[in-house]
Amino acid sequence: MQPKLIALEKTFNASTLTKLDDAVLERQHIELWIKRDDLLHPVISGNKWRKLKYILDDALSLGCDTLISMGGAYSNHLHALAYAGKALGLHTTGLIRGECPKPLTPTLQDMHNWGMQLEFISRSDYRQLRCYQGRQDLPGIRPGQYWIPEGGAQPLALAGIAELVSEITLPYDVLCVPCGTGTTLAGIIKAAPVHASIIGYPVLKHAGFLISDLEKMLDRPHSNWQLKLDYHFGGFAKTNAALIAFVNDFETKTGIPIEPVYTGKMLYAIYDLIAKQYFKPGLKMIAVHTGGLQGKRGFS
Ligand SMILES: *Cc1c(COP(=O)(O)O)cnc(C)c1O
């Protein structure tokens, strides 16, 4: 790994496992642990660091001076990238979907303060950008610029996710993770033991397309994973009173901060499935807290 990246990683905290303890789990005889990737770093938290780590290493080793990527006005990915760029001495450019909000969202304001160049692009141009999934296939890219597709969805991301899995030293039967692009889930499926059952909880509506996306990211078929498609709450960043109440209640009872966009939806789903006796008594489950707490500011 590049020395600058090693130095940055030294500023990170350990992602620990926290065991949950409550009446629902006790009644159904389920053991549930949270893998606390939210603790890794106050800004480059959770799966965004896992996914960016080897991408950043690649950019540094190629001698690139600028990182370019895309995302929305609350993007955890661009927020992490802007901070990492500043920490590593690299320029960053964020291609942002839609018009420049006035005032800037707290997320965009941070990105601006960390020196990211913000370029606002139309929704149709944004959709077009999704075609460029390779490392350097963006039209007009100049030498020294390094293109990272939406959400860091590229093969190098999977190596960082594998480290999350290898840190889990407890035996477990079920491993759960929220899904946006499914990149984190793909990395987990590749790295987890075959006897474990891996469950992804998409936060987007109509997320069935993820099945073929995932099959593409996995280079051989795996049969130990599935998606729970019914816990999107109306779509990306959509919530309802039941979800918000669940998130608040979970935080009060456990002291673990969560947000309603990703980890909140996954945990709601897990508890709903446990209450419906979907999981066999005696199972040991792990749920990955993918971080992203900065995005919560969009809900206040
Ligand atoms: C981006 C993000 C995800 C989704 O990750 P994918 O790899 O795109 O599926 C999950 N949780 C949080 C907090 C995120 O920021």
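Visitor: Where does proline 257 lie?
Guide: In this predicted model, proline 257 lies in the loop that runs between helix H10 and helix H11, the latter spanning residues 263-275.

Visitor: What does proline 257 touch, leaving out residues up to four places away in sequence?
Guide: Proline 257 touches Arg36, Asp38, Glu251, His289 and Leu293, with residues up to four places away in sequence not counted.

Visitor: What about H8, is it mostly covered or mostly open?
Guide: H8 is mostly covered, with seven of its nine residues buried; the buried residues in H8 are Thr183, Thr184, Leu185, Ala186, Gly187, Ile188 and Ile189.

Visitor: Now histidine 232, buried or exposed?
Guide: Histidine 232 is buried, because its relative accessible area is 18% and the limit for buried is under 20%. Its place is in the loop between strand E9 (225-227) and helix H10 (241-254). Not counting residues up to four places away in sequence, histidine 232 touches Pro202, Val203, Leu204, Lys205, Lys238 and Lys265.

Visitor: On to helix packing: how do H3 and H4 cross?
Guide: The axes of H3 (residues 46-61) and H4 (residues 76-88) come within 11 Å and cross at roughly 45 degrees, so the two helices are oblique to each other. The crossing of H3 past H4 is right-handed.

Visitor: Which residues meet there?
Guide: From H3, Lys48, Leu52, Leu56 and Leu60 meet Asn76, His77, Ala80, Leu81, Ala84 and Leu88 of H4. Sorted by class, this contact of H3 with H4 has seven nonpolar, two polar and one charged residues.

Visitor: And how does H3 pack with H7?
Guide: H3 and H7 (residues 155-166) pack at an angle of about 130 degrees with their axes 6 Å apart, which makes H3 oblique to H7. H3 passes H7 in a right-handed crossing. Arg50, Lys51, Lys53, Tyr54, Ile55 and Asp58 of H3 meet Leu156, Ala157, Ala159, Gly160, Ile161, Glu163 and Leu164 of H7, and by class the contact has seven nonpolar, one polar and five charged residues.

Visitor: Last topic, the largest nonpolar core: which members touch the most others?
Guide: Among the 31 residues of the largest nonpolar core, Trp49, Leu56, Leu67, Leu81 and Met111 touch the most other members. The elements giving two or more residues to this core are H1 (3-9), H3, H4 and H5 (106-113).

Visitor: What does leucine 67 touch?
Guide: Leaving out residues up to four places away in sequence, leucine 67 touches Leu56, Ala59, Leu81, Gly85, Leu90, His91, Thr92, Thr93, Tyr146 and Ile148. There is also a second, separate core of 28 residues, which includes Leu273, Phe279, Leu283 and Met285.

Methods
Residues are numbered from 1 along each chain as its sequence is written. This is a predicted model: local features need pLDDT of at least 70, side-chain atom pairs count only at pLDDT 80 or more; totals for chains, interfaces and linings use all residues. Side-chain values use heavy atoms; hydrogens and water are left out. Axes are lines fitted to C-alpha atoms, for helices over the stretch in contact, and angles run from 0 to 180 degrees between N-to-C directions. Helices (H or I, at least four residues) and strands (E, at least two) are DSSP runs, numbered from the N terminus. Angles under 35 degrees count as roughly parallel, over 145 as roughly antiparallel, 65 to 115 as roughly perpendicular and the rest as oblique. A crossing is left-handed if the near helix is turned anticlockwise from the far one by less than a right angle, and right-handed if clockwise. Contact means heavy atoms within 4.5 Å. Ala, Val, Leu, Ile, Met, Phe, Trp, Tyr, Cys and Pro count as nonpolar, Asp, Glu, Lys and Arg as charged, and the others, Gly among them, as polar. A nonpolar core is a set of buried Ala, Val, Leu, Ile, Met, Phe, Trp, Tyr and Cys residues joined through side-chain atoms within 4.5 Å. Buried means under 20% relative accessible area, exposed over 50%, partly exposed in between (1.4 Å probe, protein chains only).
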